[in-house]
Amino acid sequence: MKTLNGTLSYRLRIAIPPETEATVRLIDVSRADAPATVIAETRFKTDGRQVPLAFRLEYDPARIDPRMRYAVGGELRAGGRILFLNTTRHSVLTHGAPSDNVEILLEQTGR
């Protein structure tokens with residue numbers, strides 16, 4: 001197994017609730033005409049911590065094809081509701097994209 005480290009953050013100056021859960025996914029985004037395939041996922045409780053939130057995502061390197069394209073995505077949920085999620089692609093691992101220390105910038109979803 002290999003590990004991809006990074007942070008989840010957002011620009012707004014507001015706090016997330018202490019019961020917030022973070023999710024980070026490594027996905028294969030190679031095929032434009034098909035849904036992205038999840039390669040790995042991690043979830044963790046924030047326990048009152050605020051952004052930037054560090055994450056460690058373990059993945060099987062045998063599932064990574066250097067010809068393909070991969071991205072990481074993240075979200076913050078509380079009370080069954082998505083509070084923040086990424087709205088832009090954060091490429092990783094292949095085609096010159098970073099393989100560690102990735103910052104996933106999140107956007108607020110709604111009030």
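I'll start with a pair of charged side chains: E75 and R77 form a salt bridge, and their closest N and O atoms are 2.6 Å apart. Please keep in mind throughout that this is a predicted model.

Now the surroundings of that pair. E75 is buried, because its relative accessibility is 9% and the cut-off for buried is under 20%. R77 has a relative accessibility of 30%, so it counts as partly exposed.

E75 also has a salt bridge to R25, with an N to O distance of 3.9 Å. That pair links distant parts of the chain: R25 belongs to strand β2, E75 belongs to strand β5, which covers residues 70-78, and the two are 50 residues apart. R25 is partly exposed, with 23% relative accessible area.

Another salt bridge joins E41 and R43, where the closest N and O atoms are 3.0 Å apart. Here E41 is partly exposed at 38% relative accessible area, and R43 is partly exposed at 44% relative accessibility.

Which residues are linked in the network of salt bridges? They are E21, R25, E41, R43, E75 and R77. The count of salt bridges comes to seven.

T20 sits in the loop between β1 and β2, the latter being residues 21-28. Is T20 buried or exposed? T20 is buried, because its relative accessible area is 0%. Leaving out residues up to four places away in sequence, T20 touches F44, K45, T46, L76, R77, A78 and L83.

As background, strands of a sheet pair through backbone hydrogen bonds, and the pairing is either parallel or antiparallel.

How many bridges join β1 to β4? There are seven, and the two strands run antiparallel, with β1 covering residues 2-9. If you want a place to look in the viewer, L4 stands opposite L57 in β4.

E58 is partly exposed, because its relative accessibility is 45%. What does E58 contact, leaving aside its neighbours within four places in sequence? The residues are M1, K2, T3 and A40. E58 also has a C-alpha to C-alpha distance of 9.3 Å to L26, and these two are 32 residues apart in sequence.

To recap, E75 is the residue to look at on the charged side: it bridges to R77 at 2.6 Å and to R25 at 3.9 Å.

Methods: Residues numbered from 1 in each chain as written. Predicted model: local features only at pLDDT ≥ 70, side-chain atom pairs only at ≥ 80, totals over all residues. Heavy atoms only, no water. Pairing = 2+ DSSP bridges. Helix = DSSP H or I, 4+ residues; strand = E, 2+ residues; numbered from the N terminus. Buried < 20%, exposed > 50% of the residue type's maximum accessible area, 1.4 Å probe, protein only. Contact = heavy atoms within 4.5 Å. Salt bridge = Lys/Arg side-chain N within 4 Å of Asp/Glu carboxyl O.
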